[in-house]
Amino acid sequence: MKKFALIPARYASTRFPYKLMQMLGNKTVIRHTYDNTVATGLFDEVFVVTDHSSIYDEIKNNGGKVIMSIREHESGSDRIAEAVADMDVDIILNVQGDEPFISRPALKALLEVFDGTEGAAVQVASLMKPFSDMQIAANPNVVKLVVDKKMNSLLFSRSMIPYYREQDTDKLFYEHIGVYAFRKAALLQFTKWEITPLENAEKIECLRYLENGIALKMVITHETGVKIDVPADLEIAEKFLENISSK
């Protein structure tokens, strides 16, 4: 199977404008994401897909592969679907541009769910990280999810799910890590569906799959990275970079 990684890179951002072009150490955030994805060695090709010339030039001028979107898009999945429509590829992995420290083991585990007899039924897969901190669970910037016994997604939400009615119960939550893998046909089908009610309410694009009857196969990762949503996250990312650089 041919496996490509695509990194949707929108220039504007409501909570942190132009965050992908912010400097993180000696490189921009988007270059860290691209370079770290290439360095995994898991993919036949890696592309950034963007809507802005500054990101296009940043990747192109530093030896990377980048595609300029033709149309405006509501979601990252829509953006990469346009890019891969005419590509000869089987599995597409969507790496979020604002997750610069994504690791090889997590991506490898995600790709492996498509293998074998059981994997033949998987259309879409994604990563999740377990945690128990109630403050994180209450943060609407953190997307939570619940799964069934076979690790298929049941619901994604910015609200706290599950709700523990008995407060003295040991608590387990899952944070959705915004890395997806799709079969090409499933990704192209996604773009033909209208935005669904829950997707529109929560602003979580993978809810479109659930509302059309396709569960995501979820893969647990314990890797600790930094997702850059707001300016304060960039300071955290700087410290994280210093730590891993000193090892």
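Trainee: What makes M151 count as buried, exposed or partly exposed?

Mentor: M151 has 23% relative accessibility. Buried means under 20% relative accessible area, exposed over 50%, and partly exposed in between, with a 1.4 Å probe and protein chains only. At 23%, M151 therefore counts as partly exposed. Bear in mind that this is a predicted model, where local features need pLDDT of at least 70, side-chain atom pairs count only at pLDDT 80 or more, and totals for chains, interfaces and linings use all residues. Residues are numbered from 1 along each chain as its sequence is written, and side-chain values use heavy atoms, leaving out hydrogens and water.

Trainee: Where is M151, and what is its phi?

Mentor: M151 sits in the loop between β8 (144-147) and β9. Strands are DSSP runs of E, at least two residues; helices are runs of H or I, at least four; both are numbered from the N terminus. The phi of M151 is near 65°, a positive value in a residue other than glycine. Most residues other than glycine have a negative phi, and most peptide bonds are trans.

Trainee: Which phi does Y18 have, and where is Y18 found?

Mentor: Y18 has a positive phi of about 60° and is not a glycine. Its place is the loop between β1 (3-9) and β2 (23-24). Y18 has 42% relative accessibility, so it counts as partly exposed.

Trainee: Which peptide bond is cis?

Mentor: The bond from I161 to P162 is cis, with omega near -5°. P162 lies in the loop between β9 and β10 (173-183).

Trainee: Why is helix α3 called largely enclosed?

Mentor: Helix α3 covers residues 76-84, and nine of the nine are buried, so the rest of the structure largely encloses it. Among these buried residues are D78, R79 and E82.

Trainee: How do you know whether α3 and α7 are parallel, perpendicular or oblique?

Mentor: α3 packs with helix α7 (residues 184-192) at about 120°, and the axes are 9 Å apart. Angles under 35 degrees count as roughly parallel, over 145 as roughly antiparallel, 65 to 115 as roughly perpendicular, and the rest as oblique. The α3 and α7 pair is therefore oblique.

Trainee: What is the handedness of the α3 and α7 crossing?

Mentor: The crossing of α3 and α7 is left-handed: the near helix is turned anticlockwise from the far one by less than a right angle, whereas clockwise would be right-handed.

Trainee: How do you know whether L155 is buried, exposed or partly exposed?

Mentor: L155 has a relative accessible area of 32%, so it is partly exposed. L155 belongs to strand β9 (residues 153-157).

How values were computed:
Axes fitted to C-alpha atoms, helices over the stretch in contact; angles between N-to-C directions.
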